[in-house]
Amino acid sequence: MADSPTPMMQQYLALKREAGDALLFYRMGDFFELFFDDARVAAQVLDIALTTRGEHCGEPVPMCGVPVHAAEGYLARLIKGGCRVAIAEQTETPDEAKERTKREGKPVSKALVSRDIVRFVTAGTLTEEALLEPRRANLLVAVAPVRDGVGLASCDISTGRMELEDCAADRLDAALARLGASEVVGPDDWDDAPADVIARPRPDFRSEDGEARLKDIHSLATLDGLGDFSRPMLAAAAGLIAYLDHAGRGQLPFLLPPVARGSEAHLAMDAATRSSLEILAAQNGGRDGSLVACVDRCATGAGARQLAEDLSAPLADRLAIEHRLASVRHFHDDPLLRGDIRAVLRQAPDIGRALGRIVAGRGSPRDLGQIRDGLGEARRLRGMLSAGVDLPPLLAQAVERLGGHGALTDHLDRALVPSPPTERGQGGFIAAGYDHALDALRETSGNARKAIAALEAKYREETGTPSLKIKHNKVLGYFIEVPAKHGDKLMAADSGFTHRQTMAGAVRFNSVGLHEEASRIAEAGAHALAAEDSHFETLVGEVVACREAIAATAAALARIDVSAALAERAAEGDWCQPDMLDEPCLEVVAGRHPVVEQALIKTGDRFRSNDCSVGFSERLWLIGGPNMGGKSTFLRQNALILLLAQAGSFVPATSAKVGIADRLFSRVGASDNLARGRSTFMVEMVETAAILSQATDRSFVILDEVGRGTSTYDGMALAWAVVEAVHEQLKCRCLFATHYHELSRLAETCDALSLHHVRAREWKGDLVLLHELARGAADRSYGLSVAKLAGVPPPVIKRAKAVLDRLEKGRAETGGLAAGLGDLPLFAATAQAEDEKCDTLRDALEALDIDSLSPREALHELYRLKAEASKSNY
Ligand code: ADP
């Protein structure tokens, strides 16, 4: 590339301007090439070689490239790496470019193939099977902040589902956390846009345009029949569709009619709650160890995606929850039916995503085959499910949507081979017998191939060269090849062969006979390909015409899969159907934490189940006891039981009465939580403030060691005030774990607060954690025993013990940390007093590391122990 940019460089730079901050994949023959900074980024993300090509402005141009045939894999890695990619394809062949240049009166040597960006590949606009995770929805979200609120439009373009919702500005983070989008777009003049929002021009977000586009896409005169859409919702829809237009360069993907989502219909949870309950991802970011991984027994990817959605947006409407529970019950009570249904589902391809690709114009013959097979399995399921007893309403509705595709599946059955290929261009996917003309063309080329085989035999004999072969390659087509030493024979003018190429060890020829047969094959092949291509278009047209019914079948299959999978999970874990109530209560008998229990089962340990009962009279449980005693686990298991029940699942307990909550909050004291940017204590307080401003008397709150992130006095004071506020003002159900036993004095003033602790026992100097909840306050924290259990060296424990004794002595004299907080005596710890008596003398003896003592130190220790023994009355 010279100083003044070459025509190709000019073309590249123009396309790059259009691509903006997306990496430009610039097609050159069999490669996509990247230049300049794009090349640097891609080489690093993809770990491929960075080279240079020519010069620009006196500098070598950095370059890297990926082969077109393997582009999908590279794209997947770039998208995962957070990049967006613009694909610039050649829009004419080199021959066409030469023709055009000639027509334009320019020298042919200057011909440059024209190129255009055909598509932007971005995380939220993927449809390719290889780039999508089967068990995870892939959402694109548009946010439209307007005067009095925010509109949200979300869509999964791999299946076409689209939802619109209104959202108060202060709930936006929670809504975005619920959606977990791969990509979020918003207007470029939005000052408080959350990080990672991709800025798009403000005029893209006009509600009038949103309404007009939706009407146009769905051929409707009015949107009234679809639901009640507010201006912000329509503005968000406009932004979403405009972005899809941009990404697909005018080719819109498949969009189902939008559904309006009511904000009151769901259990609201903010981002902090979701992450602390590890609903879709564990703390380390992976799916392993999350609630969904522990619950998911779905047989299909679509079912797993539906389950993830159910868990991230549990319902708040009793009837809707009960409908889901009834479907689970149906499969739970009939294990044989469940097994059969799940076996069929396992065979069913992902028709939702296949349909998404077909409607987006990126479908393959394999996708058509998947639609055929999936609809076939749906028909089988319908037969199996309608055969039996009365179905609960939700299942009956789903079953109705499984059928009605007879004509389409029959046609696909006749038209397609059993396993159609992913490549459309090579043909071979239309079944024999479907089109007689196509069969005849195939026969012609088949015969010609046989004729070529016969020619080979004939030429071998005629020339006396058994090593003669007829071969085929892309450049020469068919040719005759003999080893070099036999070449001369065929070179003779009257041999009937014409020379084509001389290689190192072989010579290649043509012959009239071969040419004729090869032409027959080429001609018949081209005609056959054209015929298959036109059948493909027709079949695609038919599928597209039925897209909404097919999408409804896909959704019904997913719902059936989720119901059967939850039934399977319930049967496997001995879970029970929860009783759903409107009163704010939670009565759980023998509840368990599904994820912790599963982890314990793997190591051969048993999970200790615990009851919970919060409601009108006892709204707030204050839970104390040693670290590692099971407080967090208990808190979370009850939040998860409520969440699972509202998602329509059975729950890990012997019985459960669940009063439907409007909001669920979960907070963990700062030191458990690695925060980004802000100080951990600050995060803890910001999150606690959110609860205090948002929880209602219908909410359910778990607070785990809140206040721990600061000094003892501050922390205890804050925890104290938070408990009072939850009790007096919010009046919501709350489980509060704390190691400040001073808080137990709150029971004296807060009448709906009750005291509980996780039991522990010291036995022969060792701490035994029972993971069992009991009424009453914890008497102490067993911190040293836990430290010992954790392997802190004995001399350190010994020293800590001495410090503790001193502190406790001081406390006894002053009345303790909470001395000034009330006139009433400290709450008396009665529970387990016998078992939990502390044997400090024994501890001290056990802690002695005799080998590390000098004789003088040993003598000193002996005096100290004797003094200790006479001081206490253990
Ligand atoms: P805490 O919050 O009191 O410090 P955790 O709830 O974090 O304690 O529990 C510590 C560990 O104890 C857990 O990782 C788990 O392995 C075990 N555990 C907790 N609850 C139970 C239980 N009910 N049954 C058996 N083991 C439990």
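Modeller: A polar contact is a pair of N or O atoms within 3.5 Å; within protein, one atom must be able to donate a hydrogen and the other to accept it, and residues adjacent in sequence count only if both atoms are side-chain atoms. This is a predicted model, in which local features need pLDDT of at least 70 and side-chain atom pairs count only at pLDDT 80 or more, while totals for chains, interfaces and linings use all residues. Residues are numbered from 1 along each chain as its sequence is written, and side-chain values use heavy atoms, with hydrogens and water left out.

A polar side-chain atom of His771 is 3.1 Å from an oxygen atom of the ligand. For Thr633, a polar side-chain atom lies 2.5 Å from a ligand oxygen atom. Gly630 takes part through its backbone, where a polar atom is 3.0 Å from an oxygen atom of the ligand. The ligand taken alone exposes 560 Å², and the protein buries 79% of that (accessible areas come from the Shrake-Rupley method with a 1.4 Å probe; for residues, only the protein chains shown count as cover).

The shell around the ligand has 13 residues, with Arg608, Met628, Lys631, Ser632 and Thr633 the closest (a residue is near a molecule or strand if one of its heavy atoms lies within 4 Å of it). By class, four residues of the shell are nonpolar, six are polar and three are charged. Here Ala, Val, Leu, Ile, Met, Phe, Trp, Tyr, Cys and Pro count as nonpolar, Asp, Glu, Lys and Arg as charged, and the others, Gly among them, as polar. Helix 22, residues 631–647, gives the most to this shell, with three residues (helices, H or I of at least four residues, and strands, E of at least two, are DSSP runs numbered from the N terminus).

Arg338 has a relative accessible area of 7% and is buried (buried means under 20% relative accessible area, exposed over 50%, partly exposed in between, with a 1.4 Å probe and protein chains only). The side chain of Arg338 makes a polar contact of 2.9 Å with the side chain of Glu568. Leaving aside neighbours within four places in sequence, Arg338 is in contact with Phe331, His332, Ala564, Ala567, Glu568 and Ala571 (contact means heavy atoms within 4.5 Å).

Helix 2, residues 36–46, has Asp38, Ala39, Ala42, Ala43 and Leu46 as its buried residues. These residues are on the same side of helix 2 because they cover an arc of only 125° around the axis (the arc is that of the directions from the helix axis to the C-beta atoms). They pack against helix 1 (7–19), strand 1 (23–28), strand 2 (31–35), strand 4 (59–67) and helix 3 (71–80). Just after helix 2, Asp47 has a positive phi of about 55°.

As for the whole chain, the secondary structure comes to 28 helices and 26 strands. Of its 874 residues, 49% count as buried. The C-alpha atoms fill a box of roughly 125 × 75 × 55 Å along the principal axes. Among contacts between residues at least 6 apart in sequence, 69% join residues at least 24 apart.
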